Amino acid sequence: MDLETTQTNAAAKLPLLKQGEYEMWRLIIEQYFQIQDYALWDVIENGNSFKPTARTTTNVDGTFTSSIPGPVTTEEKAQKKNDVKARSRLLMALPNEHQSTFNQYKDAKTLFATIQTRFGGNNATKKTQKTLLKQSYENFKAPSTESLDFIFNRLQKIVSQLAILGGNISQDDLNLKFLRSLPSE
């Protein structure tokens, strides 16, 4: 398998961010980057260590010229490459309607922080989500048309989302809730 095919397969498995599912997406995207190339996740968490600074030189005629050099050493080039790859993959994980909004961020760390701010919500939002999930859990019922697997998966999704937000359901409570939610037939 050539490099291009490998990169295409990796991009195809990239988890796409969906509205209202940021917390789960964050867990999955972190695992995705760590499995693909940990250096990319490191760039997202800690930023690119290559920080170009403007250099001013004096010309023969006494004027000054400022320039911002690109990466010079092998390590600087690798850091810049990792930052570009991480940023590109994060953008690929966003729905098309958000591309123009987030494309303006030129490094992976800033881009990820902005995605987190936009989709992750604040404490009040998380508290509301937690309350809604608790209500969904309490009101959970299974119609007789659904299979046991489908019923269990729906309930497990609610419990998993609650756990991400810090709401824990004991295994005993979960078992009882599952049994009580089953249709009588």
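User: What does pLDDT express in this predicted model?

Analyst: pLDDT is the predictor's confidence in each residue, on a scale from 0 to 100. In this predicted model, the protein has a mean pLDDT of 83, and 88% of its residues reach 70 or more.

User: Where in the protein is confidence lowest, and where is it highest?

Analyst: Helix H1 (residues 3-12) has the lowest confidence, with a mean of 47, whereas H5 has the highest, at 90. Over residues 1-10, pLDDT stays under 50, and the model gives this stretch 4 contacts beyond four places in sequence. Where pLDDT is low, predicted coordinates should not be read in detail.

User: What makes the span of helix H4 close to the expected one?

Analyst: Helix H4 covers residues 74-92, which is 19 residues. The expected span is 1.5 Å times one less than the number of residues, and this gives 27 Å for H4.

User: Which residues of H4 are called buried, and why?

Analyst: They are Gln79, Asn82, Asp83, Ala86, Arg87, Arg89, Leu90 and Leu91. They are called buried because each has under 20% relative accessible area. These residues pack against helices H2 (22-36), H3 (38-46), H5 (99-102) and H6 (108-120).

User: What describes the packing of H2 and H4, and which residues make the contact?

Analyst: The helices pack at an angle of about 140°, with axes 12 Å apart. Trp25, Ile29, Tyr32, Phe33 and Gln36 of H2 meet Ala86, Arg89 and Leu90 of H4. By class, this contact has 6 nonpolar, 1 polar and 1 charged residues.

How values were computed
Residues numbered from 1 in each chain as written. Predicted model: local features only at pLDDT ≥ 70, side-chain atom pairs only at ≥ 80, totals over all residues. Heavy atoms only, no water. Helix = DSSP H or I, 4+ residues; strand = E, 2+ residues; numbered from the N terminus. Buried < 20%, exposed > 50% of the residue type's maximum accessible area, 1.4 Å probe, protein only. Contact = heavy atoms within 4.5 Å. Axes fitted to C-alpha atoms, helices over the stretch in contact; angles between N-to-C directions. Nonpolar A, V, L, I, M, F, W, Y, C, P; charged D, E, K, R; others polar.
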